[in-house]
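Here's a quick briefing on how two chains meet in a model. Have a look at the sequence and structure first.

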Amino acid sequence: MIETLTQPWPWYVAGAIIGLIVPTLLILGNKHFGISANLRHMCAACFPSNIPFFNYDWKKESWNLFFIGGILVGGIISTQYLSSPDPVIIHPDLAKDLTQFGITDFSGLVPVQLFSFDQLFTLRGLIMMVGGGFLVGFGTRYAGGCTSGHAIMGLSDLQWPSLVATISFMIGGFLMTNLILPYILAL
Amino acid sequence: MKTKQEETDFEVRSLDTMCVNESELVHPWWYNFKYAAVGVIFGIVFIKAEIISWFRIQEMFKLQSFHMYGVIGTAVVVGAISVFLIKKLKIKTVHGEEITFTNKKFNKGQIYGGLIFGLGWAITGACPGPLFAQLGSGSLAVIVVIASAMSGTWIYGKFREQLPH
């Protein structure tokens, strides 16, 4: 049993569990699946600064903060107790592309050669960590949701604006990975 | 008597946000631990299915792997069947409350914001959920990405009125 759990899980298992989170949250207390709103709740809790967008009863949404707290703990549990001893398998073409840019360490889920405190002092690291994070926080709120809220919850509820948002996410991602990121990685 | 802020609170909370607490019930704060428990499962899935992997996200956008499409596709199908059944069978919450849905209105933010988020997603290899799982998995530097994402949300909130919607 433990051996099965420590292997990387196939997409249909992961997808089914994530899909089931939608009704679980609804049935547990009429909560709509979403993550990115937490960034707004954190702003509302820490730096509301009289901005109307951050002046609301964020405590009413504190379930959402508990939810991401759980995600953090799940990350710890799974890394400590369920991690696979085998290296992560990467598509050979991707490995080849990345090697050109000096990224050769494929051991972790997050490449340490791009995302680490040392990298913050390089232009490439600064753009990717600070710039990338900014775009995620700004974009998700402007779009009104992220992959969870729009692509999974919104599409599950057949909301067409969520389909528009999801298509936009994908277009943005394709543009970045294929056209812009090579220039950033080359820095 | 309700103050003006309380009356409009739902509107403000739901502004440009998908997930809103639609429940009218008030519970002790520790009831929220059930959502933390669901989060733990989500976090484990994130890691075990390598959804938080920067490499998997690059493979998705380079069409080198079906994995992420499979994960999101399956999640949407399972989620959609669940929502359909909840509506059809009028399933109630464990507290006996009716489960409600609010239709989303289209605005241009879903396009502009969506594109901006997509650019960021491909750089960081993570959407907001995986960022927290990455932090839990021991990539402590991701705290910088999360702080920066918070500042992005704050800047959006500050300039919201000036942005096209």
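In this predicted model, 120 residues of chain A are in contact with 114 residues of chain B; contact means that the C-beta atoms, placed from the backbone, lie within 7 Å. As it's a prediction, local features need pLDDT of at least 70 and side-chain atom pairs count only at pLDDT 80 or more, while totals for chains, interfaces and linings use all residues. Residues are numbered from 1 along each chain as written, with chains lettered from A and ligands numbered from 1 in the order written.

**Chain A's side**
- Helix 2 of chain A gives the largest share of the side touching chain B, 18 residues; helices here are DSSP runs (H or I, at least four residues), numbered from the N terminus.
- By class, that side has 72 nonpolar, 40 polar and eight charged residues (Ala, Val, Leu, Ile, Met, Phe, Trp, Tyr, Cys and Pro are nonpolar, Asp, Glu, Lys and Arg charged, the others, Gly among them, polar).

**One helix pair**
- Helix 3 (residues 37-46) of chain A packs against helix 7 (residues 142-159) of chain B at about 75°, axes 9 Å apart; axes are lines fitted to C-alpha atoms over the stretch in contact, and angles run from 0 to 180 degrees between N-to-C directions.
- That makes the two helices roughly perpendicular (65 to 115 degrees).
- Leu39(A) and Met42(A) are among the contact residues from helix 3 of chain A, and Met150(B) and Trp154(B) among those from helix 7 of chain B.
- The residues of this contact split into six nonpolar, two polar and one charged.

**Chain B itself**
- Chain B has seven helices and zero strands.
- Its C-alpha atoms fill a box of roughly 55 × 40 × 30 Å along the principal axes.

Definitions and conventions: Parallel < 35°, antiparallel > 145°, perpendicular 65-115°, else oblique. Contact = placed C-beta atoms within 7 Å.
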